[in-house]
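Subject: Structure handover

Hello,

Here is the structure for your files. My notes on what was found in it come after.

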Amino acid sequence: MLPWKRVLRPLVRPLAALLLAAAATVVPAATAQAETQTEAASSSGWNDYSCKPSAAHPRPVVLVHGTFANGIDNWLTLAPYLTNRGYCVFSLDYGQLPGVPLFYGLGPIDESAAQLDAFVDKVLAATGAAEADLVGHSQGGMMPRYYLRFLGGAAEVNAFVGIAPSNHGTTLNGLTNLLTYFPGAADLLTTATPALADQVVGSAFLTKLNAGGDTVPGVRYTVIATQYDEVVTPYRSQFLSGSDVHNVLIQDLCPLDLSEHAAVGLLDRIAFHEVTNALDPAHATATTCLSAIG
């Protein structure tokens, strides 16, 4: 091994930890704690497979977490927000690498999309619904597009809401450009954390995903972005093009909203209000700064 590679190898994992992590998402300290959270989620009506969609909300909502996150911690605020409004809400873990406990969303994104496909099938079978709605954060706001385009998901999904999604990859404020200065660095990143390499601007995965257009017919798309996003950069790369796309910059709705990449998906009730508008456009109400207390 060349000397510079000995230096580079221990640096790749920290770079991976920075690249497109659903930043500041706290992962449970132990598996037992994660199991306790899952049980609590189910008892509160979230991940409750006996839940039957109502006439007002006829489709179950599947929440798709981001990189380095999981199906519980990423949704500790949004899931109750939706269940309290009468939705049947479900979330999954996906993209776990062998030998890496607790951290998800790290495996090859096409494989994660296949896991989402199987999970949606499970939810539809349990609820009896013909279609689901999807809401995702960060990688979870982009990865389902692979399912919709290549795995038949368009026939099973009505609406897809991406919060701070990595739709066209990230430069991480230019940091990813440094990979080209270290031959083999991109390969090391791909080996250590395939999902991160897949989300770098210009990756083979994103080239395939976005070839021929951003959307597929029959699905309503909403993108919710924040101008303060420091992870998926530039933030306007998150927006989609298409005839059935609604792109939202959260500061256009509330200039006082300072949420960055993590907070807009984890805590921001202004963004959550816009999520409910996307899920039920027939009963949408104006999203303003006051939505934070609604």
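Phe 68 sits in the loop between β1 and α3. Helices (H or I, at least four residues) and strands (E, at least two) are DSSP runs, numbered from the N terminus. Before going further, the conventions: this is a predicted model, in which local features need pLDDT of at least 70 and side-chain atom pairs count only at pLDDT 80 or more, while totals for chains, interfaces and linings use all residues. Residues are numbered from 1 along each chain as its sequence is written, and side-chain values use heavy atoms, with hydrogens and water left out.

Backbone

Phe 68 has a positive phi near 70° and is a residue other than glycine. Leu 102, also not a glycine, has a positive phi of about 75°. Leu 102 is placed in the loop between β2 and α4, and with a relative accessible area of 18% it is buried (under 20% relative accessible area; exposed is over 50% and partly exposed in between, with a 1.4 Å probe and protein chains only). The peptide bond from Thr 233 to Pro 234 is cis, with omega near -10°. Pro 234 belongs to the loop between β5 (220-225) and β6 (245-249).

Aromatic pairs

How many aromatic pairs does the structure hold? There are 6, where rings of Phe, Tyr and Trp (its six-membered ring) pair if their centres lie within 6.5 Å, and planes under 30 degrees apart count as stacked, over 60 as edge-to-face and the rest as tilted. One of them is edge-to-face: Phe 68 with Phe 103, at 6.2 Å centre to centre and 85° between the planes. That pair links distant parts of the chain, 35 residues apart, since Phe 68 is in the loop between β1 (61-64) and α3 (78-83) and Phe 103 in the loop between β2 (89-92) and α4 (109-127). Phe 68 counts as buried because its relative accessibility is 16%, whereas Phe 103, at 33%, counts as partly exposed.

Tyr 146 and Phe 205 form a stacked pair, 5.5 Å centre to centre with 20° between the planes. Tyr 146 lies in helix α5 and Phe 205 in helix α8 (residues 204-210), so this pair ties together parts that are 59 residues apart in sequence. Both Tyr 146 and Phe 205 are buried. Ring pairs join Tyr 146, Phe 205 and Phe 150 into a cluster.

Cavity

The count is 1 cavity of 30 Å³ or more. A cavity is a set of points, on a 1 Å grid over the protein atoms alone, where a 1.4 Å probe fits but cannot get out; lining residues have an atom within 4 Å of a point. The largest cavity holds about 40 Å³ of space. Its lining consists of Arg 145, Leu 148, Arg 149, Leu 209, Asp 214, Thr 215, Val 216 and Tyr 221. Helix α5 (residues 144-150) gives the largest share of that lining, with 3 residues.

Whole chain

The protein chain has 11 helices and 6 strands. Of its 294 residues, 55% are buried. Among contacts (heavy atoms within 4.5 Å) with a separation of 6 or more, 77% are between residues 24 or more positions apart.

Regards

Terms used
On a 1 Å grid over the protein atoms alone, a cavity is a set of points where a 1.4 Å probe fits but cannot get out, and a pocket is an open set with protein on both sides within 12 Å along at least five of seven lines; lining residues have an atom within 4 Å of a point. Grid points are joined across faces, edges and corners, and a volume is the space filled by probe spheres set on the points.
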